[in-house]
Amino acid sequence: MCHYGVETGARAIVPPTKVCMTCHSQLWTNAPMLGPVRESFATGRPLTWSRVNRLPDYAYFDHHVHVRGGVPCAACHGAMDDMALTRQAVPMTMQWCLSCHREPGRRIVPAAREYAPRPYDAPLTPAEARAIHARVAGLDTAKLTDCSTCHR
């Protein structure tokens with residue numbers, strides 16, 4: 001929920017401080033770690049972010065294709081609500097990505113779980129399982145693993 005644009009574009013937009021304060025005006029309000037966020041909000045000066053996840057320039061990743069395809073944020077970013085400080089949750093190597101592209105059904109979840117911190121914890125209902133199966137059946141894993149899918 002922190003990064004808007006993931007449903008409509010390739011990139012996740014770094015939010016302005018007022019977006020952070022939507023939650024952090026109520027959660028961890030006195031946490032020393034959030035001092036810079038509170039100061040930014042009070043002064044209007046933007047935060048300087050430290051990038052956590054970075055792919056090489058030669059690798060193309062499109063957030064909205066994955067989100068609209070049923071891959072939840074937590075598949076790549078982990079359970080954010082468990083992280084006091086955001087960290088890279090998975091290796092994001094070519095082999096790691098290919099393992100998902102070869103068997104996408106292992107990561108796809110129902111639409112209602114795409115933004116959940118732990119989308120894989122609850123068992124699927126029969127209707128959810130059918131919906132995921134139908135979605136996966138329409139994927140061409142040969143195309144998903146073609147070099148030009150990610151290297152453009």
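**Figure 1. Overall fold of the predicted model.** Read along the sequence, the protein follows the pattern α-α-α-α-α-α-α-α, and its secondary structure comes to eight helices and zero strands, where helices (H or I, at least four residues) and strands (E, at least two) are DSSP runs numbered from the N terminus. This is a predicted model, in which local features need pLDDT of at least 70 and side-chain atom pairs count only at pLDDT 80 or more, while totals for chains, interfaces and linings use all residues. Residues are numbered from 1 along each chain as its sequence is written, and side-chain values use heavy atoms, with hydrogens and water left out. The C-alpha trace spans about 50 × 40 × 25 Å along its principal axes. Of the 152 residues, 26% count as buried, a class defined by under 20% relative accessible area, with exposed meaning over 50% and partly exposed in between (1.4 Å probe, protein chains only). Among contacts with a separation of 6 or more, 59% are accounted for by residues 24 or more positions apart, contact meaning heavy atoms within 4.5 Å.

Figure 2. In helix α1, which comprises residues 17-24, the residues T17, C20 and M21 are buried. These residues cover an arc of only 100° around the axis, which puts them on the same side of α1; the arc is that of the directions from the helix axis to the C-beta atoms. The buried residues of α1 pack against α2 (35-43), whereas the face turned away from the buried side carries the exposed residues K18 and T22.

**Figure 3. Close-up of the salt bridge between R118 and D81.** A search of the whole structure finds five salt bridges, each being a side-chain nitrogen of Lys or Arg within 4 Å of a carboxyl oxygen of Asp or Glu. One of them joins the side chains of R118 and D81, at 3.2 Å from N to O. R118 lies in the loop between α5 and α6 and D81 in the loop between α4 (73-77) and α5, so the pair ties together parts that are 37 residues apart in sequence. R118 is partly exposed, with a relative accessible area of 36%, and D81 likewise counts as partly exposed, at 41%.

Figure 4. R113 forms a salt bridge with E128, the closest N and O atoms being 3.0 Å apart. Because R113 lies in the loop between α5 and α6 and E128 in helix α6, the pair ties together parts that are 15 residues apart in sequence. Both R113 and E128 are buried. Elsewhere, salt bridges that share partners join D81, D82 and R118 into one network. The side chains of E103 and R106 also meet in a salt bridge, at 3.9 Å from N to O; E103 counts as partly exposed at 45% relative accessibility, and R106 as exposed at 62%.

Figure 5. E114 is found in the loop between α5 (94-102) and α6 (126-137). This residue is buried yet has no salt bridge, and the nearest side chain of opposite charge, R135, is 4.0 Å away; here Lys and Arg count as positive and Asp and Glu as negative, while His and the chain ends are not counted. Leaving aside its neighbours within four places in sequence, E114 is in contact with V67, G70, P72, C73, V109 and R135.
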